[in-house]
Amino acid sequence: MAEVEESSKPMFAGLSDISISEDILVEGDISVPVGSHNADNDFSTLDEPVKDTILRDLRAVGQKFVHVMYPKKSSALLRDWDLWGPLILCVTLALMLQGGSVDSEEEGRPQFAEVFVIIWFGSVIITLNSKLLGGTISFFQSLCVLGYCILPLTVAMIVCRIVLVGGSGLVSFVVRLIVVTASFSWSTFASTAFLADSQPPNRKALVVYPVFLFYFVIGWMILTFSPSQ
Amino acid sequence: MENMDDTSGSSFEDMGEMHQRMKEEEEVTAEAAATEEDNGEYGDFLGMKGLKGQLGRQVADEVWQAGKRQASKAFNLYANIDILRPYFDVEPIQVRNRLIESLIPVRIINFPQKVAGELYGPMMLVFTMVAILLHGMKTSGTVIREGTLMGTAIGTCFGYWLGVSSFIYFLSYLCNAQITMLQMLSLLGYGLFGHCMVLFITYNVHFHSLFYFLWLVIGGLSTLRMVAVLISRTVGQTPRLILCGTLAALHMLFLLYLHFAYHKMVEGILDTLEGPNIPPIQRVARDVPVVASAVVNATIKSIAAVVQSQ
C-alpha cells in the first residue's frame, strides 16, 4: 500500500491532509462460512430423477401462465424469471403460422424462422429501449415478461385456426378480428402491468408504444393467416 | 439536453475512452497490489531450473492480460449501452411536439435553426413505417421470392433512414453545412412522420388522385421543413442548392416509390421480369372472353355474308 501511495503522490499531492474521521467505527466479523453443506444443497438437484426436474420446471411455467392470464401486480414473473415459457410459446406460434414452400402457393406466408426472429429480436429491441429510457428491470427479466405475454396471442391463433376450419367468409373474418383484437390488447395490458412499474412515472407512454407495436405486428400476422387450399 | 446542437459534442469514442481509462486504472492498482506479493515469493526460485517455467508463465500471463485489455476495450467502446443513453432522454410531450413540428416549415433562415439530437422518436417512426409497409405489402398481395416480407420491409426502411442520412451528411460535409450526423439522423427520422401518415391513408383508401394530393401536401411540407433547416445552416447559393435539391428529390421520390412499389398492378410486371419459365399464356388474362366473342361474332358474320353472296 505504501508503494502505491508513493507512486501516486505527484497526482494526489494536495490531498495528503485528508483523513477519515475517527467517529466512524469500522468493525465487523469477516468469516467465510465453510461451504461443504451449502455445496451439497446446491448440487442435490443433480441426483433427483429427470421426471422431478421436468415436472418442477413445468409447474413453474404453468404458474407463470396463470399470472399472465390474470395480470395482478405480483412480482412472481420478475423474481424467478425463466425463458422456457417464452420458448414454448414462440415455437408453438411459429409452427402454427408457418407456410409451405413458396412454390406451392401464392400467399407467401411467414416462414418459421421469420416468426421466430421477429419475436426474439422484437423483444430484444423493446428491452434495450426500456433500459435506455431509464428502466430498472434487467435484460432477461424483460425478455421473460414479453415472452410470457404472447400467451393470449397464441390462444387466439388456436381459436382462429379452429374458426378457419369452418370456412373463411366474412363472418369468420369478423370473429377472427374480434378475437385477435381482444387478445392483442390483453397482451399489451398484461405486459405493461409488469414492465411499466420499472419506469419513471412520466415516461410510461414511451415504453408502452413499442410494446403495442410489437404485439400489433404479431396480431396482424395471426389475423392475415390463411390456411393452404 | 435541449442545448445539444453544437457540432463539437462528445462522440462515442470519447465516452468509450473515458470508461476504458477508468476501468484500467482500477485494474492497474489491483494488479500492482496483487503481483507485489507474488514476486516476493518467486524471486528466490529464479535459477536456471525455474527460469523456463516461471518466465513462460509470466509471458503467458502478459499475453492474456493484453488480450483481455483489448477485448474489454472494444467491448466497452461498442457494446456499452450507456453511450446511447443521452440520446433517449426525452419526455412524451417533447416527442409529440417534435412530431407536429416536423410538418411545419420554419420561416427564419438567416440564423441556424435548432435541431434536437434524439433517437427515440426517429426509431419509433422507422418501426411504425415497417409495420405500415408490411400491411401494404400484404394487402397488395406482393410475393417476394428471394427473401422474406419482413426482411424487405425492415431493409427498406432502415436502409433509407441510415443510408440517406449518411449520404446527406457526406454532402453537407462537402458543402460546409453546420450539421452533425446525429442531427441529420434525427431530422430525417422525424421527416418520416409525413411518409407514415400518407402511406397509412393510401394503403387503405386506393385513390390515385388522393395519393398525389397527399404526396404534394404532406410530403412537400415535411420536405420543406428539412430543407429550410438545412438552408439555415449552409452558406452560399450553390451549396444550398445541391444539398437541398438532393434531399428534396430523395425524400419525395421515396414516398412515390413506396406507394407504387406495393401496388396491385406492379405484381404482374414483377412476375414477367422474373420468371422466364412462366408460360406466356398466363399473362394474357385480360378481357379475353369479350375479345374472343367479338372475334367469333365478326367471323361468323363475315362467313354468313360470304355464304349469302354466293
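**Helix packing and chain contacts in a predicted model**

The contact between the two chains takes 24 residues from chain A and 23 residues from chain B, where contact means heavy atoms within 4.5 Å. This is a predicted model, in which local features need pLDDT of at least 70 and side-chain atom pairs count only at pLDDT 80 or more, while totals for chains, interfaces and linings use all residues. Residues are numbered from 1 along each chain as its sequence is written, chains are lettered from A and ligands numbered from 1 in the order in which they are written, and side-chain values use heavy atoms, with hydrogens and water left out.

Trainee: How many Å² do chain A and chain B bury between them?

Mentor: Buried area is the accessible area (1.4 Å probe) that two parts lose on being put together, summed over both. Of the area buried between chain A and chain B, 65% is on carbon and sulfur atoms. The whole amount is about 2400 Å².

Trainee: Which residues in chain A lose the most area to chain B?

Mentor: Together they account for 26% of what the chain A side buries. They are Leu132(A), Leu206(A) and Trp220(A).

Trainee: Which residue of chain B forms a salt bridge with Arg203(A)?

Mentor: A salt bridge is a side-chain nitrogen of Lys or Arg within 4 Å of a carboxyl oxygen of Asp or Glu, and the count between chain A and chain B is two. For Arg203(A), the closest N and O atoms of the pair are 3.1 Å apart, and the partner is Glu91(B).

Trainee: Is H7(B) roughly parallel or roughly antiparallel to H8(B)?

Mentor: Helices (H or I, at least four residues) are DSSP runs, numbered from the N terminus, and their axes are lines fitted to C-alpha atoms over the stretch in contact, with angles from 0 to 180 degrees between N-to-C directions. Helix H7 (residues 208-232) of chain B and helix H8 (residues 237-261) of chain B pack at about 150°, their axes being 10 Å apart. Angles under 35 degrees count as roughly parallel, over 145 as roughly antiparallel, 65 to 115 as roughly perpendicular and the rest as oblique. Therefore H7(B) and H8(B) are roughly antiparallel.

Trainee: Which residue forms a salt bridge with Asp82(A)?

Mentor: The closest N and O atoms of this pair are 2.6 Å apart. Asp82(A) lies in the loop between helix H4 (76-79) and H5 of chain A, and its partner, 18 residues apart from it, is in helix H3 (residues 50-69) of chain A. That partner is Lys64(A).

Technical notes:
Helices (H or I, at least four residues) and strands (E, at least two) are DSSP runs, numbered from the N terminus.
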